[in-house]
Amino acid sequence: MRFSQFGLTTLKEVPAEAEIVSHQLMLRAGLIRRLASGLFTWMPIGLRVLRKVEDVVREEMDRAGALELLMPAVQPAELWQESGRWDEYGPLLLRMQDRGERDFCFGPTHEEVITDIARRELRSYKQLPVNFYQIQTKFRDEIRPRFGVMRSREFIMKDAYSFDLDQAGMEASYQKMHAAYTAIFERLGLEFRVVDADSGEIGGSRSQEFHVLAESGEDAIAYCDADNYASNIETAQTTRPPGERPAAAETLRRVATPGIKTIEALCDFLGTTPQQTLKTLIVEGTDGPVALVLRGDHELNAVKAQRIPGVASPLIMATPELVREVTGSPPGFAGPIGLDIPVYYDHATATMSDFVCGANEIDQHFHGANFGRDIDVAETVDIRNVVAGDPTPGGTGTLSIARGIEVGHIFQLGDKYSQALGATVQNPDGKNQTMQMGCYGIGITRIVGAAIEQNHDENGIIWPGPLAPFDVVLVPINLQRSEIVRDAAEALYAELTQRGFDVLFDDRDARPGVKFADAELIGVPHRLVISERNLAAGEIEYRHRRDAESRNLKREEALNLLEE
């Protein structure tokens, strides 16, 4: 491809609306252009990257035995009403009506549609197992689209759905997709981890996420390589600390803490540490408010908390008015002593003694509080986020925390949708049996953004080879003024193309510095520079995008290096 014919426009300045590196570089390198909030046009160079992702995904899905189809993007409301998700899905679902005032939605996912296909097409257990997949545009009406393609409203996704006769079959299909996804991300050259996750709005008994590791990742991942463990922070488990609770050494006393409402301010004022404080959070419950108590340095995990019997799901924090009604004081001074509502204590509080907690009175805290004497000893539960250094659930290692970008998610759905929509087949006994389903999604457009977040420097994108829009960028110096350079560049371009390389031939009449800057911004892995000087020496200047310096190679050396 000749640069002059490619219609590529790069930008020197960082666009004001771009908050993260991938969004900035995708705009600057001309991969995408914004149409409206959360809506982007994929420009020719961006589409080349997107297609390379799709090709790898399609090849591995086909290799795993999945069958490609293409379902409508617009779906009738009746299917979503059958599954119960028409009302449950909420404002993320873009609803619309046709001219007959019939309700439809723009599909954010396709569980209902594929289950409808299965109940119509599959009749016997002999047709199972089967796995259907598609690569298609989805729409989710994000309340605040941001970060470019990382959280857009319209996006391209590969979604697959397996159907099996029983649980064992579903497990086998799930593991096959796990292996396929692992192969996909390895082939794309991305550093990633597979983590246990919450199934969220999709549902099902088990799910795992595939995260590309990047410092800018929205999700925190807890992992321990020594223990072969990885989990999303939402689902990483904690346990009761080992050892016994120390005996009380202090007397309970009330301390005036005027205007102090945060753990940090409280510790500064009293000369203590967050580990020696309790914080009490009031949340809404199914039968009235509930108190959740954690150590001062820990964060509440909403996913875990909303699973506690009596706690509202999704988790809703109490209003200031409700906090005052329950505790007798404004927020910031709640504590477990004397509370007349259900109270749940996190595991980490089990071995605490002589701690500080709110006194349920404005500008007052208790110092020297103890379980057994001042507070009834209660069973503890897991309601916090893990932190670095926590033991793994197996107890043989300690956790580290990394940031990740979710790019894939696989689910064991069971009969959540097949039961609701009546998707059955005849089993070997001649009886109708509800099929067991799995669901497997990959964010095609999100992979492009995640790859850039993981692979860039101050000059631009550094594509992993399999994702690069071009294999080689060919940069001739003074092409328009040197017949020697022009002939050599044209000959090399033709030979590289003949050998199967995807080449970007920078034939523009532009300064070398401009060409080099664009090559680095675009992120093509290999750069070849031709000039009269290196031609006179029988050489070509070569530089890999990750290299700090260029080197001069003989023509055949350069070609052999590229082929290797």
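**Salt bridges and helix packing in a predicted model**

Visitor: Is R63 buried or exposed?
Guide: Relative accessible area sets the class: under 20% is buried, over 50% is exposed, and values in between are partly exposed (1.4 Å probe, protein chains only). The relative accessibility of R63 is 58%, so R63 counts as exposed.

Visitor: What pLDDT do local features need in this model?
Guide: Residues are numbered from 1 along each chain as its sequence is written, and side-chain values use heavy atoms, with hydrogens and water left out. The model is predicted: totals for chains, interfaces and linings use all residues, side-chain atom pairs count only at pLDDT 80 or more, and local features need pLDDT of at least 70.

Visitor: How many residues apart in sequence are the parts tied together by R254 and E361?
Guide: R254 and E361 form a salt bridge, with 3.0 Å between the closest N and O atoms. R254 lies in strand β13 (residues 253–256), whereas E361 lies in the loop between β17 (355–358) and β18 (364–369), so the parts that the pair ties together are separated in sequence by 107 residues.

Visitor: What is the relative accessible area of E361?
Guide: Both partners in this salt bridge are partly exposed. R254 has a value of 44%. E361 is partly exposed at a relative accessible area of 38%.

Visitor: Which residues are joined into one network with R499 and E563?
Guide: The side chains of R499 and E563 meet in a salt bridge (3.5 Å, N to O). R499 lies in the loop between α13 (483–498) and β27 (503–505) and E563 in helix α16 (residues 555–563), so the pair ties together parts that are 64 residues apart in sequence. Through salt bridges that share partners, R499 and E563 are joined with E495, R555 and E556.

Visitor: How many salt bridges does the structure hold, and how many strands does the chain have?
Guide: The structure holds 36 salt bridges. Helices (H or I, at least four residues) and strands (E, at least two) are DSSP runs, numbered from the N terminus. The chain has 16 helices, and its strands number 30.

Visitor: Why is helix α2 described as roughly perpendicular to helix α12?
Guide: Helix α2 (residues 21–28) packs with helix α12 (residues 444–454), their axes being 8 Å apart and at an angle of about 105°. This angle makes α2, relative to α12, roughly perpendicular, because the term covers 65 to 115 degrees, with under 35 roughly parallel, over 145 roughly antiparallel and the rest oblique.

Visitor: Which residues of α12 make the contact with α2?
Guide: Contact means heavy atoms within 4.5 Å. On the α2 side, the contact is made by V21, S22, L25 and M26, and on the α12 side by V448, G449, I452 and E453.

Visitor: What share of the 564 residues in the chain is buried?
Guide: The C-alpha trace spans about 95 × 70 × 50 Å along its principal axes. Within the chain of 564 residues, the buried share is 53%.

Technical notes
Axes are lines fitted to C-alpha atoms, for helices over the stretch in contact, and angles run from 0 to 180 degrees between N-to-C directions. A salt bridge is a side-chain nitrogen of Lys or Arg within 4 Å of a carboxyl oxygen of Asp or Glu.
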